[in-house]
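Dear colleague,

I am writing to hand over the structure we discussed. Please find it below, followed by an account of what was found in it.

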Amino acid sequence: MYSNKSLHRRQRQYISESRSEEKFSNSLIRLNGQSLLDTTGNNTTTRNISSDVVIVIMEGRGSNEGQIGIAMHDVRHPEINLCEFVDSREYTTLKTMINVHEAYDIVIQNGNEERGSTKLLGEALMTAFPDASLQSISSKYFKSERGERQLNSLMNAEVSTVSEGCLRRSLALGALAVLLKYIHETRCVFFRVKSLRIKEIGVDDTCMIDFVSWESLEIIDTDDASKARKCQMKQKRTLMSVLNHTVTTNGYRLLRSNVLQPSTDVNVIESRQEAIEELIAKPQLKDKLKRTLLRSQELDRVIAMCIQTSTSWTVRDSEAKINQIIKLIQTLKVIQVIRELLDSARVKSNLLNEKTEFLKDPRFDQIMEILIEKVDDSLLDGRKNSLHLQNTKCYAIRNHVAVQLDLARQTYEELIAGVEEVGAREIAQHFHNNASVRLSFSQARGFHYTFVTRQAETVTIPRHFLEVFRNRTTVTFNSREVIAYNDRLDQAVSEMFLASDVIVCAMIEEMQPMIPVLYYAMDALSTIDFLCGLATYSDLRETCRPSFGPSFSVSQGRHPILDWADSEKTITNDTCLTRDRRFGIITGPNMAGKSTYLKQVAQISIIAQMGCFIPANYASLPIFTRIFSRMGHNDELMRNKSAFASEMSDAAAIVQYADKKSLVVLDELARSTSTEEGIAITYAICEKVLELQSYTFLATHFLDIAALANYSNAIDNYHFLPQTDENSFKKHKLLRGQYRGPLYGFELIELSTFPDEVLQHAQQLAAELRAQVEDTERDYDSERRRVKVFMSHRLRESAEYFMEMHGEKWKEEPAAIEKMKSLRNYMIEELAKIDRQEQMSQESE
């Protein structure tokens, strides 16, 4: 019991908060456009929303400066995501998360665009997302205490993944308080108590790929992401489109999130590999699962219907609830079939067995019993015509459940009979029972007449009829009597939906304690679809199951997109980076395959960390926590950046944040400035990346850069040959060593209209410059040292392999003895080759 003073104080506080909340929507300020209030003072927030995903961002200040707290909610899906992390001044991680989740309805604190360092956030988001709905609101609404109370009130502990540490993340909780209020004000949505799934997402358990790299590495087409799903993209042009063999919307969402943010958890990756391997070995099971999933309905809206409440009660909302109940019954039947399929197949995969156990939950049967008691599913026979679909919803509730509903149905049936009678009479009277004229029904127009004829433009319709529309082969029209029946039918249908809604709401209340099981079903179905899709890709191409270790070793790897387009013409290439030899410099002429190879390396790494099989004969890869790329040389006019400025901006992020667990691919670095500056900058960046110990590939035309291999044992030189007829057997084939071939660029210039004297003079100058580079004194001692270091690594790696296979007596194994002899002979041959080259050089001098 509270004292009177305490009670009065709480009442005053409640009244104060209420008055403050009334001003919430009026306090929102649009940063990249006009205010959310029009000139008349009417709130236009709902008309300015440009995304289904809302993200609220709270930036730390003072001792928390540099920390970011976010809360996200997709109105199409019944969950809220919380996250708190430390970000750079460029907000790289934040921008990537916004792009991954397509959260383009953004709310930040007011101060972010006004004072101090916090001004950077508003400017950075406006620059990165010019088309997003970016809004700010007073900091007083970001109350972590209120966010914590709402979290404890709304969160369903069974399906939520919120740790105790999350309750100490004041920034994320402050963002949550604003998010829930924003959803209420702009969407008029409330959540039931203990019904919402709240997930704490981290940035450490996924591989971060900068969203600039999504297009440069051909991971996903950001400008055409929606069309990729709707049209299924017949022409496979991105990694996402190549891997997409999912059949459900949630399966596609799971695939997309894993392509853009692959896992870094080896246990998760290997569990997926195990499941994919089993699905490949059981193709009939995989095909049956995919066909069954095609009949399932998305459970997101069903769960949202069960956990959300609204202040309005409309016919449209009632119809939507009935529709979701029908979808729930269909999906429960699919769950039963999938459960039986996985049980009968006796799957051994831990991941598939885990999902099977979820689907065996007895609460599914309890929900089905509640539904079948009052819902008639006999009309769910797959027919798609408009009248049948309407009847499915009108007759979804069984007879004799509600008197008002039965009376409305009786009226509806009498009206249907009446309009059919009028239709038959008017067709007989005006068209003499012409078989080409019939009474049709559509959701938009209700009942109307359709005349099928090849002379649609010239056929005469009696003046008795109204609303005449002519198409290529049909003429549609209506009469006053039919229109009158349509009005009465709409009223009868509305009465049926409102009467049915009372029954549906009662069923939702009864199902409320069992809602968590629907979250399990949603996750299980999307995961099974995701795994079947990856298994389909892995089975359709020659792939292998990669292992994970410190070395990046791929044998006969293929570019995933080119391999999908034409596997017979795809050139295979090996990849070999180790902790000791972790930097590869690739030289060669234009159009030889350097950029394509860099994309292949990055895409193979992404596919492997998704848990999918990769297009290669053998692969062992490290687990990367970040993948960086610098590809292309385009100006960024919208950001007022030249090609060189854009290059250096990306390179700065790489040297600042790359580490031992990063993959870096650099293509033609510093080519947008003078040669001297370009070489110097590239040297400096390479030296810094070497210090960071990242796994790196650099493709360049600067042959001077290849000389770095003389000063560091961590660097290997590779090259591609020009694509001439005599080299056709090595077309696009990666070879070891520095490129010393012909100046192939001139062959491309000859195809243009350059004057001969200009071309000849350029060739002469290039030959002189090449000679100067080749005259550079070679460091033969460094080359010998490099060979010894490389062979010691190969010997140690081979010894560990045979020790793991055969135990302590591995030295007695014939295969081990033969392998060690071959490595020793190779080292002797390489050292002898360097000795001969040094001797020839001394003799020539």
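The expected span of a helix is 1.5 Å times one less than its number of residues. The model is predicted, and this rule can be applied to its helix 6, residues 170-187. With 18 residues, helix 6 should span 26 Å; its end C-alpha atoms lie 25 Å apart, which agrees. As 15 of these 18 residues are buried, helix 6 is largely enclosed by the rest of the structure. Just after helix 6 comes cysteine 188, whose phi is positive, at about 55°.

Seven strands form an open sheet with mixed pairing, in the order 9-20-21-22-18-23-24. Its edges are strand 9 (208-209) and strand 24 (735-736), each of which pairs on one side only. Within the sheet, strand 20 (residues 626-630) and strand 21 (residues 662-667) run parallel and are joined by five bridges. Opposite arginine 626 stands serine 662 of strand 21. Helix 22 (residues 594-610) packs on this sheet, where it touches strand 9, strand 18 (583-587), strand 20, strand 21 and strand 22 (695-699). The direction of helix 22 makes about 160° with that of strand 21.

Is serine 553 buried or exposed? Its relative accessibility is 17%, and buried means under 20%, so serine 553 counts as buried. Leaving aside residues up to four places away in sequence, serine 553 touches Thr575, Tyr618, Ala619 and Ser620.

Note on methods
Residues are numbered from 1 along each chain as its sequence is written. This is a predicted model: local features need pLDDT of at least 70, side-chain atom pairs count only at pLDDT 80 or more; totals for chains, interfaces and linings use all residues. Side-chain values use heavy atoms; hydrogens and water are left out. Two strands pair if DSSP finds at least two bridges between them. Helices (H or I, at least four residues) and strands (E, at least two) are DSSP runs, numbered from the N terminus. Contact means heavy atoms within 4.5 Å. Axes are lines fitted to C-alpha atoms, for helices over the stretch in contact, and angles run from 0 to 180 degrees between N-to-C directions. Buried means under 20% relative accessible area, exposed over 50%, partly exposed in between (1.4 Å probe, protein chains only).
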